[in-house]
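Subject: Handover of a structure

Dear colleague,

Please find below the structure that I am handing over to you. My notes on what was found in it follow directly after.

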Amino acid sequence: MDYFAPQMSAQDLNKISMLGLAHIGDGVYELLIRTMLCTQGHAAVGELHRLTVKHVKAPAQAKVMEKLLPLLTEEELALYKRGRNAHVHGVPQGASVGEYHAATGLEALFGWLYLQGRHERLNTLFAAAMEG
């Protein structure tokens, strides 16, 4: 298996819980943020860390979802809602329950797209999220 470009069947993908997809999506989203920051010329590790945290915390991800909702297909929206409604066991300090649920939905969506190998769609959504 190529873990950088997994190609999972729908049957295997459906075996993964929403929180499992969010777990994968969290890493995918953070890697996209880190890549964006480095390719934009940010070099100091302290600055990279500060900017990465700023983008990946739940309130920031919730704002990203507000931008992305109108762009989602019906299938993507349904997946996002399932991820958003997943039962989480706690909310990090500095985030509201609603923000954390929206962030979990975003991460589940990004994990789902990644595991399908839909990199072009991930790039499209990520680019839209980072605009303006």
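Helix 5 supplies 4 residues to the lining of the second largest pocket, which is the largest share of that lining. Please bear in mind throughout that the model is a predicted one.

The second largest pocket

The space in this pocket comes to about 230 Å³. Its lining is made up of 14 residues, and those that lie nearest the centre are N14, E75, L79, R82 and W112. Helix 1 (10-13), helix 2 and helix 5 (74-84) are the elements that each give two or more residues to this lining. By residue class, the lining of the second largest pocket holds 9 nonpolar, 3 polar and 2 charged residues.

The largest pocket

For the largest pocket, the computed volume is about 320 Å³. Here, too, a lining of 14 residues was found, with V28, L31, L32, Y114 and L122 nearest the centre. Two or more residues of this lining come from helix 2 (18-39) and likewise from helix 7 (119-130). Helix 2 gives the most, with 8 residues. In the lining of the largest pocket, 9 residues are nonpolar and 5 are polar, while no charged residue is present.

Q61 is placed in helix 4, which covers residues 58-68. Is Q61 buried or exposed? Its relative accessibility is 1%, so Q61 counts as buried, the cut-off for buried being under 20%. Beyond its neighbours within four places in sequence, Q61 is in contact with Y29, H55, V56, A103, L106 and E107.

T52 belongs to helix 3, which runs over residues 45-56. With a relative accessible area of 5%, T52 is buried. When its neighbours within four places in sequence are set aside, the residues in contact with T52 are E30, I33, R34 and L37.

I hope that these notes are of use to you as you begin to look through the structure.

With kind regards

Note on methods:
Residues are numbered from 1 along each chain as its sequence is written. This is a predicted model: local features need pLDDT of at least 70, side-chain atom pairs count only at pLDDT 80 or more; totals for chains, interfaces and linings use all residues. Side-chain values use heavy atoms; hydrogens and water are left out. On a 1 Å grid over the protein atoms alone, a cavity is a set of points where a 1.4 Å probe fits but cannot get out, and a pocket is an open set with protein on both sides within 12 Å along at least five of seven lines; lining residues have an atom within 4 Å of a point. Grid points are joined across faces, edges and corners, and a volume is the space filled by probe spheres set on the points. Ala, Val, Leu, Ile, Met, Phe, Trp, Tyr, Cys and Pro count as nonpolar, Asp, Glu, Lys and Arg as charged, and the others, Gly among them, as polar. Buried means under 20% relative accessible area, exposed over 50%, partly exposed in between (1.4 Å probe, protein chains only). Contact means heavy atoms within 4.5 Å.
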